[in-house]
Amino acid sequence: MGFAIPIDDVKDLITDLMNGNSTTSGLTLGIKGYMTNSSNLSNYNLLLGFYISSVDNSSYASKNGIKRGYIITNIDGNNIESVFSVTDVLRNKKVGDTISLKIMYLENRNYVEKEINISF
């Protein structure tokens, strides 16, 4: 399976890489996952957002209680509509910054919303 990314979404990234510039501060949450879509929303009772499939035990995410199965729906007031919604926020963060995540997780077969602040 493949997917297409509009060139306008990565033009700045490509230019920075060609010029040898770092495009990120190097900060990561330490999570892996995928965007939910219309087929897995209904088939697996998921919400729209970034589904966390794994968390690095020594990561900022783990240290702040984020777990496998959580769904990030919002970062710093921005709804998560693509993987780029996550990476765009992190690209501009540096040590000392804080981000606010709204996450959803299942508890007794119902989704519960939780807000988590992560300081880098």
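## A buried threonine and some paired rings

Thr 73 has a relative accessible area of 16%, so this residue counts as buried. Keep in mind as you look around that the model is a predicted one.

**Around Thr 73**
- You can find Thr 73 in strand 3, which covers residues 71-75.
- Setting aside neighbours within four places in sequence, Thr 73 has contacts that include Leu 48, Ile 80 and Met 104.
- Asn 78, Asn 79 and Lys 102 are also among the contacts of Thr 73.

**Tyr 34 and Tyr 51**
- The ring centres of Tyr 34 and Tyr 51 are 5.2 Å apart and the planes meet at 35°, so this pair is tilted.
- Tyr 34 belongs to strand 1 (residues 31-35) and Tyr 51 to strand 2 (residues 50-55), so their pairing ties together parts 17 residues apart in sequence.
- Tyr 34 is partly exposed, with 36% relative accessibility, while Tyr 51 is buried at 15%.

**Tyr 60 and Phe 120**
- Here the aromatic pair is edge-to-face: Tyr 60 and Phe 120 sit 4.8 Å centre to centre, with 75° between the planes.
- Tyr 60 is in helix 3 (residues 60-63) and Phe 120 is in the segment after strand 6 (110-119), so the pair links parts that are 60 residues apart in sequence.
- Phe 120 is buried, at 9% relative accessibility, whereas Tyr 60 is partly exposed, with a relative accessible area of 28%.

Note on methods: Residues numbered from 1 in each chain as written. Predicted model: local features only at pLDDT ≥ 70, side-chain atom pairs only at ≥ 80, totals over all residues. Heavy atoms only, no water. Phe/Tyr/Trp six-rings, centres within 6.5 Å; stacked < 30°, edge-to-face > 60°. Helix = DSSP H or I, 4+ residues; strand = E, 2+ residues; numbered from the N terminus. Buried < 20%, exposed > 50% of the residue type's maximum accessible area, 1.4 Å probe, protein only. Contact = heavy atoms within 4.5 Å.
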